[in-house]
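Subject: Handover of a structure

Dear colleague,

Please find below the sequence and the structure that I am handing over to you. A description of what was found follows after them.

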Amino acid sequence: MTEKLYILYASQTGTAEDLAFEINDIAQSKNIVTDLKELDDISLEKFKEIKRVMVITSTTGEGDIPYNGELFFEKLFGIANINLSQMRYGVIALGDSSHYEFCKAGRDIDERLKYLGAICILDRLECDYDTKGSIEWLQNFSIY
Ligand SMILES: Cc1cc2nc3c(=O)[nH]c(=O)nc-3n(C[C@H](O)[C@H](O)[C@H](O)COP(=O)(O)O)c2cc1C
């Protein structure tokens with residue numbers, strides 16, 4: 001049986017959240033078992049056990065993670081000794097290239113997961129202002 005897909009999101013003004021819900025609906029329509037949550041609603045203990053995860057986050061402020069991912073972000077960067085080699089993941093980063101720190105929150109999480117040993121199964125998608133390409137990205141992600 002395919003592992004449950006965790007869809008974890010952080011969103012300041014709702015775009016990444018809407019996308020996460022849309023992706024969740026599509027995944028479920030393909031009979032993929034999902035668990036949809038805000039990033040801050042998952043503990044690091046639980047996160048460490050996840051085998052398949054998609055992280056969807058926008059960037060706000062000046063390169064900052066949205067409010068509902070801040071605690072998770074701090075924990076992920078604060079902990080040194082975790083091994084995520086059982087985890088397969090992908091990141092969708094939402095941003096706007098008119099900002100200097102384009103898609104920084106998504107880029108940082110992607111790099112951090114890789115550093116902690118998680119396996120990236122599909123290259124990060126960076127959405128510049130709109131969310132074009134994300135549904136196709138999901139199709140590719142879900143075949144792994
Ligand atoms: C106040 C503000 C600050 C932003 N800062 C950044 C930024 O530093 N880097 C970036 O790539 N995009 C930035 N953006 C663009 C958002 O990431 C983009 O519009 C995204 O689609 C919003 O998603 P959300 O509604 O899920 O938060 C900013 C947008 C706003 C309104």
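S134 has a relative accessible area of 1%, so S134 is buried. Please keep in mind throughout that the model is a predicted one. S134 belongs to helix α5, which covers residues 134-142. Setting aside residues up to four places away in sequence, S134 touches L19, I92 and L125. Its C-alpha atom is separated by 10.0 Å from that of E22, although S134 and E22 are 112 residues apart along the chain.

F47 deserves a separate look. Which residues is F47 in contact with, if its neighbours within four places in sequence are left aside? They are L8, I42, F72, L76, L84, M87 and L113.

**An aromatic pair**

The structure holds 4 aromatic pairs. One of them is formed by F47 and F72, and the arrangement is edge-to-face, with 4.9 Å from centre to centre and 75° between the planes. This pair links distant parts of the chain, as F47 lies in helix α2 and F72 in helix α3, 25 residues apart. Both F47 and F72 are buried.

**K48 in helix α2**

K48 is also found in helix α2. Is K48 buried, exposed or partly exposed? The relative accessible area of K48 is 32%, and K48 therefore counts as partly exposed, since that label covers values between the cut-offs of 20% and 50%. Not counting residues up to four places away in sequence, K48 touches I82, L84 and Q86. K48 and N83 are 35 residues apart in sequence, while their C-alpha atoms are 7.8 Å apart in space.

**The largest pocket**

The volume of the largest pocket is about 370 Å³. Its lining is made of 24 residues, and the closest to the centre of the pocket are S58, T59, L94, G95 and D96. The elements that give two or more residues to this lining are α1 (15-29) and β4. How do the residues of the lining divide into nonpolar, polar and charged? There are 7 nonpolar, 13 polar and 4 charged residues.

**Residues in the loops**

Several residues in loops may also be of interest to you. N68 lies in the loop between β3 and α3. With a relative accessible area of 3%, N68 is buried, because this value is under the 20% cut-off. Leaving aside its neighbours within four places in sequence, N68 is in contact with Y9, A10, S11, E38, L39 and D40.

F102 is found in the loop between β4 and α4. Its relative accessibility is 15%, so F102 counts as buried. Beyond its neighbours within four places in sequence, F102 is in contact with G95, D96, S97, R107, E126, C127 and D128. F102 and A20 are 82 residues apart in sequence, and their C-alpha atoms are 20 Å apart in space.

**Two positive phi values**

Most residues other than glycine have a negative phi. N31, which is not a glycine, has a positive phi near 65°. The phi of C103 is likewise positive, at about 55°, although C103 is not a glycine. Where are N31 and C103 found? N31 is in the loop between α1 and β2 (34-38), and C103 is in the loop between β4 and α4. N31 has a relative accessible area of 70% and is therefore exposed. C103, by contrast, has a relative accessibility of 1%, so C103 counts as buried.

Yours sincerely,

A colleague

Methods
Residues are numbered from 1 along each chain as its sequence is written. This is a predicted model: local features need pLDDT of at least 70, side-chain atom pairs count only at pLDDT 80 or more; totals for chains, interfaces and linings use all residues. Side-chain values use heavy atoms; hydrogens and water are left out. Contact means heavy atoms within 4.5 Å. On a 1 Å grid over the protein atoms alone, a cavity is a set of points where a 1.4 Å probe fits but cannot get out, and a pocket is an open set with protein on both sides within 12 Å along at least five of seven lines; lining residues have an atom within 4 Å of a point. Grid points are joined across faces, edges and corners, and a volume is the space filled by probe spheres set on the points. Helices (H or I, at least four residues) and strands (E, at least two) are DSSP runs, numbered from the N terminus. Ala, Val, Leu, Ile, Met, Phe, Trp, Tyr, Cys and Pro count as nonpolar, Asp, Glu, Lys and Arg as charged, and the others, Gly among them, as polar. Buried means under 20% relative accessible area, exposed over 50%, partly exposed in between (1.4 Å probe, protein chains only). Rings of Phe, Tyr and Trp (its six-membered ring) pair if their centres lie within 6.5 Å; planes under 30 degrees apart count as stacked, over 60 as edge-to-face and the rest as tilted.
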